[in-house]
Amino acid sequence: MQMTRRQALTLMAATVATPALSAPRRITLRPEAVETMVAGHRLPMLAFNGQVPGPEIRLTQGEAAHIRLENGLRDGALVHWHGLRVPNRMDGVNVLTQDVVIPGESFDYRFDVRDAGTYWYHSHYLSYEQVSRGLFGAFIVEERNPPEVDHDITVQLFDMLLGVQSRHLVDRVEDEPIWL
Ligand SMILES: [Cu+2]
């Protein structure tokens, strides 16, 4: 069966679209350890608000972002707003722009979203591990006067390389890799 591009996008949206937060003006992101079943493998993941990818953040151009990071990890945490123009102290880069948020502590990110577009947010502390375990999400800034479209959907693609015991290769780099 031939599929149109729109049909394919709709199908993909049904499987991977991430729910938007209902109250975007005051947002809390809480990273914590979770276990997720993927293709029969129980994987130790890290999730913002219990979900991988994290919740989609959707604001309107010119709006103020008030986003509290509550660290529910047993490790440090930070959030970097990839591609967004933010004040340097809000950029979420360990050592360079802020101290890491220790377990149980929180940090309030405050910035105005100046540019409409499709962005993402992600951990910037031990990101080779924390991002690859799931600490990332979509950040959409809508135009003040958005164009008319049939559908506006978000699709995020994410792959993981696992070892033979379903261990993430961050843990066991000597494992023989398998592909999901
Ligand atoms: Cu980035």
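## Strand S5 and its partners

In strand S5, His 66 is the bridge partner of Arg 26, where strands, like helices, are DSSP runs numbered from the N terminus (a strand is E over at least two residues, a helix H or I over at least four). This is a predicted model, in which local features need pLDDT of at least 70 and side-chain atom pairs count only at pLDDT 80 or more, while totals for chains, interfaces and linings use all residues. Residues are numbered from 1 along each chain as its sequence is written.

Strand S1 (residues 26-29) runs parallel to S5 and is joined to it by four bridges, and two strands are said to pair if DSSP finds at least two bridges between them. S5 is also joined to strand S7 (residues 106-112), here by seven bridges and in the antiparallel sense, with Glu 70 standing opposite Ser 106 in S7. In general, the strands of a sheet pair through backbone hydrogen bonds, either parallel or antiparallel.

## The nonpolar core

The largest nonpolar core has 27 residues, of which Leu 69, Ala 77, Val 79, Tyr 121 and Phe 139 touch the most other members; such a core is a set of buried Ala, Val, Leu, Ile, Met, Phe, Trp, Tyr and Cys residues joined through C-beta atoms within 7 Å. Among the elements that give two or more residues to this core are S5 and strand S8 (117-122), and the largest share, four residues, comes from S9.

Leaving aside residues up to four places away in sequence, Phe 139 touches Ile 57, Trp 81, Leu 84, Tyr 119, Trp 120 and Tyr 121, a contact being two C-beta atoms, placed from the backbone, within 7 Å.

## An open sheet of four strands

Four strands form an open sheet in the order S4-S9-S8-S6, with mixed pairing. S4 and strand S6 (80-82) stand at the edges with a single partner strand each, so one side of each is left without a neighbour in the sheet. S4 and S9 pair in the parallel sense over four bridges, and Val 141 in S9 is the bridge partner of Leu 59.

## The whole chain

The protein chain has two helices and eleven strands, and 25% of its 180 residues count as buried.

Notes
Buried ≥ 20, exposed ≤ 12 C-beta atoms within 10 Å, placed from the backbone.
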